[in-house]
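Reader: I have this model open beside its sequence and would like to get my bearings. Please take me around it one question at a time.

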Amino acid sequence: MFTLRRLGLLGGAVAGSGALLVLLLDGAEAAGALVAVLATVAVLAARYVAGAGALDSAYRDEVRLLRTRAPGVGEWRRNVATSTGPDGALYYRAVLRTELRHLYAAALAEHHHVSLEHQPERAAELIGPQLWPWLGPVPPGTGPGGEIPVDVLRRLVDRLEALGAPRTPSPRTGKDRAT
């Protein structure tokens, strides 16, 4: 199976062999031109793969704030059940917190133009002081048995839904209201 690293090494080997062959057959000028073209193609491909196209609306359909696959309901049921169980503290920090941060980042960026990572003060303000510790940069302590309290999880999901709800236009100005 080809990994990204193996594909890069294979592409580099093929490009290097081609450049050496052109150098031997056609000279230094042709080899230099080929190297310039190959470097340009490599930079554009790396930029696309790294996600720089998410900032250029002309190149991709959607911003890649979420991973390539949307979480399924069955997966969330398992995540919630495990996070609220006796070993929930570790599972919350390792799995569920990361998923919730991705969803909050998407909702904040799409509906409020706020970056969870780059504008944590504004994100904390929108999420609320009671819920921010559960999503902030430092994972919180958990309940007495190590699990995340169910009411906290319920409030996190409710707030996520409220942040992701489409804003209604103001009747007087026609502009969106921020929540």
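**A helix-by-helix tour**

Reader: Happy to start anywhere! Is the crossing in which H4 passes H7 left-handed or right-handed?

Author: Good place to begin. A crossing is left-handed if the near helix is turned anticlockwise from the far one by less than a right angle, and right-handed if clockwise. Where H4 passes H7, the crossing is left-handed.

Reader: Before we go on, what pLDDT do local features need in this model?

Author: Residues are numbered from 1 along each chain as its sequence is written, and side-chain values use heavy atoms, leaving out hydrogens and water. This is a predicted model, in which totals for chains, interfaces and linings use all residues, side-chain atom pairs count only at pLDDT 80 or more, and local features need pLDDT of at least 70.

Reader: How many helices and strands does the protein chain have?

Author: Helices (H or I, at least four residues) and strands (E, at least two) are DSSP runs numbered from the N terminus. Read from that end, the elements run α-α-α-α-α-α-α. The tally is seven helices and zero strands.

Reader: Back to H4 and H7, then: how are the two oriented relative to each other?

Author: Axes here are lines fitted to C-alpha atoms, for helices over the stretch in contact, with angles from 0 to 180 degrees between N-to-C directions. The axes of H4 and H7 come within 8 Å and cross at roughly 20°. Angles under 35 degrees count as roughly parallel, over 145 as roughly antiparallel, 65 to 115 as roughly perpendicular and the rest as oblique. H4 is therefore, relative to H7, roughly parallel.

Reader: And how do the residues of that contact divide by class?

Author: Contact means heavy atoms within 4.5 Å. Residues of H4 in it include Tyr92, Leu96 and Leu100, and those of H7 include Leu153, Leu156 and Arg159. Ala, Val, Leu, Ile, Met, Phe, Trp, Tyr, Cys and Pro count as nonpolar, Asp, Glu, Lys and Arg as charged, and the others, Gly among them, as polar. The contact of H4 with H7 has eleven nonpolar, three polar and one charged residues.

Reader: What about H4 and H5: how are they oriented?

Author: The axes of H4 and H5 come within 12 Å and cross at roughly 95°. Tyr104, Leu108 and His112 of H4 meet Ala123, Leu126 and Ile127 of H5. The angle makes the pair roughly perpendicular.

Reader: At the other end of the sequence, how do H1 and H2 run relative to each other?

Author: H1 covers residues 4–26 and H2 residues 28–50, and their axes come within 8 Å and cross at roughly 165°. H1 passes H2 in a right-handed crossing. Among the residues that meet are Ala15, Gly18 and Ala19 in H1 and Leu34, Val35 and Leu38 in H2. With that crossing angle, H1 and H2 are therefore roughly antiparallel.

Reader: Let's zoom in on leucine 100. Is leucine 100 buried or exposed?

Author: Leucine 100 sits in helix H4. Leaving aside neighbours within four places in sequence, leucine 100 is in contact with Trp76, Tyr92, Leu135, Leu153 and Leu156. Buried means under 20% relative accessible area, exposed over 50%, partly exposed in between (1.4 Å probe, protein chains only). At 2% relative accessibility, leucine 100 counts as buried.

Reader: Last one: what is the phi of histidine 113?

Author: Histidine 113 lies in the loop between H4 and H5, and at 61% relative accessibility it counts as exposed. Most residues other than glycine have a negative phi. Histidine 113 is not a glycine, yet its phi is positive, at about 55°.
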